[in-house]
Amino acid sequence: MSKLDAVDLDLLRALSADPRATVVALAEKLGLSRNTVQARMSRLERGGVFLSYERTLSAEALGFPIEAFLQVTVRQAELPAIREELAKVPEVLQAHGLSGQVDLLVRVACRDTQHLFDTDARILAIEGVERTETSLVMGEVIGYRVGPLMDLARDEI
């Protein structure tokens, strides 16, 4: 993806503020033609700017109010197989590879603490997983956001 320009960033900011906005509404808001907005949206999509079009759902609303982060240490040579096995665990919401002492940071959602205990045991049973350390999520302090990054990028143009 080529570098984003001011118009791209304005378009992304408008989409961030109103993810359901139509191309026509975005064009009106930004003072651009519908074709310009559509062409830029297509280019941004091809460039991998949009991570997902799915709505983010509340795990709590689905009956899984307990969230935790598991720090997972693995045998590095077995990481591809471990990744595949983690993807089969429905309670796993996300997993990130890390540098440093811990290899993976895995976010899970569970019904209660016993369910969390059982989920941790299933992850520990995956071939190549050596150890886990669990931290309960007490609350989200800062949610996922890119608005400040868009502002920073806009300031640097």
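The radius of gyration of the protein is 20 Å, whereas a compact globule of 157 residues would have one near 15 Å. This is a predicted model, and along its principal axes the C-alpha trace spans about 55 × 35 × 25 Å. Six helices and four strands make up the list of its secondary-structure elements.

**Fold and contacts**
- Read from the N terminus, the elements follow the order α-α-α-β-α-β-β-α-β-α.
- When contacts between residues at least 6 apart in sequence are considered, 68% of them join residues that are at least 24 apart.

**Burial and surface**
- Of the 157 residues in the protein, 27% are buried.
- The accessible surface amounts to about 10700 Å², and carbon and sulfur atoms account for 53% of that area.

**Charge**
- The protein carries 18 positive and 24 negative side chains, and the centres of these two sets are 7 Å apart.

**Aromatic pair**
- The structure contains one aromatic pair, which is formed by F50 and Y53, with 5.9 Å from centre to centre and 40° between the planes.
- The pair is classed as tilted, because an angle under 30 degrees would count as stacked and one over 60 as edge-to-face.

Notes: Residues numbered from 1 in each chain as written. Predicted model: local features only at pLDDT ≥ 70, side-chain atom pairs only at ≥ 80, totals over all residues. Heavy atoms only, no water. Helix = DSSP H or I, 4+ residues; strand = E, 2+ residues; numbered from the N terminus. Rg over C-alpha atoms; globule rule 2.2 N^0.38 Å. Buried < 20%, exposed > 50% of the residue type's maximum accessible area, 1.4 Å probe, protein only. Contact = heavy atoms within 4.5 Å. Areas by Shrake-Rupley, 256 points an atom, 1.4 Å probe, with all protein chains shown as cover. Lys, Arg positive; Asp, Glu negative; His and termini not counted. Charge placed at Lys NZ, Arg CZ, Asp CG, Glu CD. Phe/Tyr/Trp six-rings, centres within 6.5 Å; stacked < 30°, edge-to-face > 60°.
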